[in-house]
Amino acid sequence: VLPGVGAFGRCMAELHEHGLDAVAAEIVASGRPFLGICVGMQMLFESSDESPGVAGLGVIPGTVQRLCGPVTIPHMGWNTVDARCGSALFAGVPEPYWCYFVHSYVPVPDDPEVVSATTDHGGTIVAAVEQDAVWATQFHPEKSGACGLAVLANFVAAAERSQDSI
């Protein structure tokens with residue numbers, strides 16, 4: 001699990017300083033389940049407008065852009081999430097999906113097929129992505145009540161299945 005609260009550039013610097021960028025790359029390459037949360041999700045992308053010139057982990061092709069338009073920034077508080085049919089993250093989670101967000105930047109993946117959930121904040125924005133065994137949420141599941149706990153339970157179940165197959 002790659003959690004995150006803070007600025008993209010500073011978080012990437014800390015990962016690199018402690019060799020955790022290499023650990024994350026190794027886990028992703030192994031096919032084991034990997035979960036990014038908030039800035040942890042954003043760091044999975046190639047770059048962020050928040051920290052020009054700082055490379056992300058590059059696991060998911062795309063960039064992270066500042067929220068814009070006539071919206072409150074940061075996007076902070078509860079919002080509903082629309083999950084794609086077949087999303088493993090939201091499998092069996094009762095609707096409606098109310099999730100807690102705190103962010104000023106949002107991922108924009110190159111491949112729209114990796115988007116597994118969206119929310120509306122002045123327009124449709126990415127709330128979650130799934131690419132192979134890599135799952136990530138822009139919202140904080142640990143602060144999202146029953147919905148968030150169910151999402152985390154889905155991740156734990158995937159990790160247990162992965163461990164059983166080793």
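This report describes the sheet, loops, salt bridge and pockets of one predicted model.

## Basis of the description

Residues are numbered from 1 along each chain as its sequence is written, and side-chain values use heavy atoms, with hydrogens and water left out. Because the model is predicted, local features need pLDDT of at least 70 and side-chain atom pairs count only at pLDDT 80 or more, while totals for chains, interfaces and linings use all residues.

## The six-stranded sheet

Helices and strands are DSSP runs numbered from the N terminus, where a helix (H or I) has at least four residues and a strand (E) at least two. Two strands pair if DSSP finds at least two bridges between them. An open sheet of six strands has the order S1-S9-S8-S7-S4-S5, and its pairing is mixed. Strand S1 (34–37) and S5 are the edge strands, each pairing on one side only. From one strand to the next, the twist averages 30 degrees; for such angles, axes are lines fitted to C-alpha atoms, for helices over the stretch in contact, and the angles run from 0 to 180 degrees between N-to-C directions.

Strand S4 (residues 75–83) and S5 are antiparallel and pair over seven bridges. Here Met76 stands opposite Val102 in S5. Strand S5 is mostly covered, with five of its seven residues buried; buried means under 20% relative accessible area, exposed means over 50%, and partly exposed lies in between (1.4 Å probe, protein chains only). S8 and strand S9 (residues 134–137) also run antiparallel and are joined by four bridges. Gln131 stands opposite Val134 in S9. Ala127 belongs to strand S8 and counts as buried because its relative accessibility is 0%. Between the C-alpha atoms of Ala127 and Ser104 the distance is 13 Å, and the two are 23 residues apart in sequence. In a regular strand, side chains alternate between the two faces of the sheet.

## Loops with particular backbone geometry

The bond from Ile73 to Pro74 is cis, with omega near 5 degrees, and Pro74 lies in the loop between S3 and S4. A cis peptide bond also joins Glu95 and Pro96, with omega about 0 degrees; Pro96 lies in the loop between S4 and S5.

Positive phi values are found in residues other than glycine as well. Cys38, in the loop between S1 and H3, has phi near 55 degrees. Cys38 counts as buried because its relative accessibility is 4%. Asp132, in the loop between S8 and S9, likewise has phi near 55 degrees. Asp132 is exposed, with a relative accessible area of 76%.

## The salt bridge

The structure holds one salt bridge, a term for a side-chain nitrogen of Lys or Arg within 4 Å of a carboxyl oxygen of Asp or Glu. Glu14 forms it with Arg10, and their closest N and O atoms are 2.9 Å apart. The two residues are four apart in helix H1 (residues 8–17), so about one helical turn separates them. Glu14 is partly exposed, at 28% relative accessibility, whereas Arg10 is exposed, at 55%.

## The two pockets

A pocket is found on a 1 Å grid over the protein atoms alone: it is an open set of points where a 1.4 Å probe fits, with protein on both sides within 12 Å along at least five of seven lines, and lining residues have an atom within 4 Å of a point. Grid points are joined across faces, edges and corners, and a volume is the space filled by probe spheres set on the points.

The largest pocket holds about 200 Å³ of space. It is lined by 15 residues, of which Gly6, Cys38, Val39, Val102 and His103 are the closest to its centre. Helix H3 (39–42) and strand S5 (97–103) each supply at least two lining residues, and S5 gives the largest share, three residues. By class, this lining has seven nonpolar, six polar and two charged residues. Ala, Val, Leu, Ile, Met, Phe, Trp, Tyr, Cys and Pro count as nonpolar, Asp, Glu, Lys and Arg as charged, and the others, Gly among them, as polar. The second largest pocket holds about 170 Å³, and Leu67, Cys68, Val106, Thr124 and Ile125 lie nearest its centre among 13 lining residues.
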